[in-house]
Amino acid sequence: SSCMFRQLFDRESCTYTYLIADKNTREAVLIDPVIELAERDAKLVEDLDLKLKYVINTHVHADHITGTGRLKKLVPGCKSILSKKSGGTADILMEDGEKIVFGGQELEVAETPGHTEGCVTYIHRKEGCAFTGDALLIRGCGRTDFQGGSSNILYKSVWNKILSLPEDFTLYPAHDYKGQTQTSVAEEKKLNPRLTKSEDEFVQIMAELNLAYPKKIDESLPANMVCGLYNLPEKMKDWV
């Protein structure tokens, strides 16, 4: 395979950041970086002699501040990507069906709203995998009670855009809280305790979760709407 792949982890928010690169051209993308770990990511890009082309987010996160703005300072020339429907600001705003190309690699944008209005899944068909953000987690899914979330919409998104992929496709989520790193379409179709239910049952399950208010949402959302370039907490003001 001409694809290079690294899965990176943030202990505090349990966020996975993904580095994907083309071995021939050395062009690379980062998916869902975290601001406190931007130096780690930039150093890995440098160590591996890669050219960081795009820094991509699956959605406007509520539990951490994106590393995009910091990475744009650390690795000049890389461009930020967000979904157009997120309402956020980025160098490039993508829509359903569009493709992100870096070297011989291609990520296809699939709009998968429901956790937020602007969630997308990035599908790498050549490598048989997809990066699902918070739409589909390992044996779970993202909450639907903030940022224009909707349980009905999430259910349809996951079944129409993610679980409709070939069964052997590997799925990489934006988070995992139990130490699992990946799953597959076949596994989630069989084992996901929420999404194997009917849509009505799923909506009821989500309505009864009674989750706490997201810890970092008030500092994260304003910064993430502008890809972590502005609106940062005082202690991070000089990071970008």
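Student: Why is Leu-221 counted as partly exposed?

Tutor: In this predicted model, Leu-221 has a relative accessibility of 22%, and because buried means under 20% and exposed over 50%, Leu-221 counts as partly exposed. Leu-221 lies in helix α6, which covers residues 217–224, and leaving aside neighbours within four places in sequence, Leu-221 is in contact with Val-60, His-61, Ala-62 and Gln-147.

Student: What makes the pair of Phe-5 and Tyr-172 tilted?

Tutor: Their ring centres are 4.8 Å apart, with 40 degrees between the planes; rings pair if their centres lie within 6.5 Å, and planes under 30 degrees apart count as stacked and over 60 as edge-to-face, so the rest, this pair among them, are tilted. The pair links distant parts of the chain, with Phe-5 in strand β1 and Tyr-172 in strand β11, 167 residues apart.

Student: Why is Tyr-172 called buried, and why is Phe-5 called partly exposed?

Tutor: Tyr-172 has a relative accessible area of 10%, which is under the 20% limit, so Tyr-172 is buried. Phe-5, at 31%, falls between 20% and 50%, and therefore counts as partly exposed.

Terms used
Residues are numbered from 1 along each chain as its sequence is written. This is a predicted model: local features need pLDDT of at least 70, side-chain atom pairs count only at pLDDT 80 or more; totals for chains, interfaces and linings use all residues. Side-chain values use heavy atoms; hydrogens and water are left out. Helices (H or I, at least four residues) and strands (E, at least two) are DSSP runs, numbered from the N terminus. Buried means under 20% relative accessible area, exposed over 50%, partly exposed in between (1.4 Å probe, protein chains only). Contact means heavy atoms within 4.5 Å. Rings of Phe, Tyr and Trp (its six-membered ring) pair if their centres lie within 6.5 Å; planes under 30 degrees apart count as stacked, over 60 as edge-to-face and the rest as tilted.
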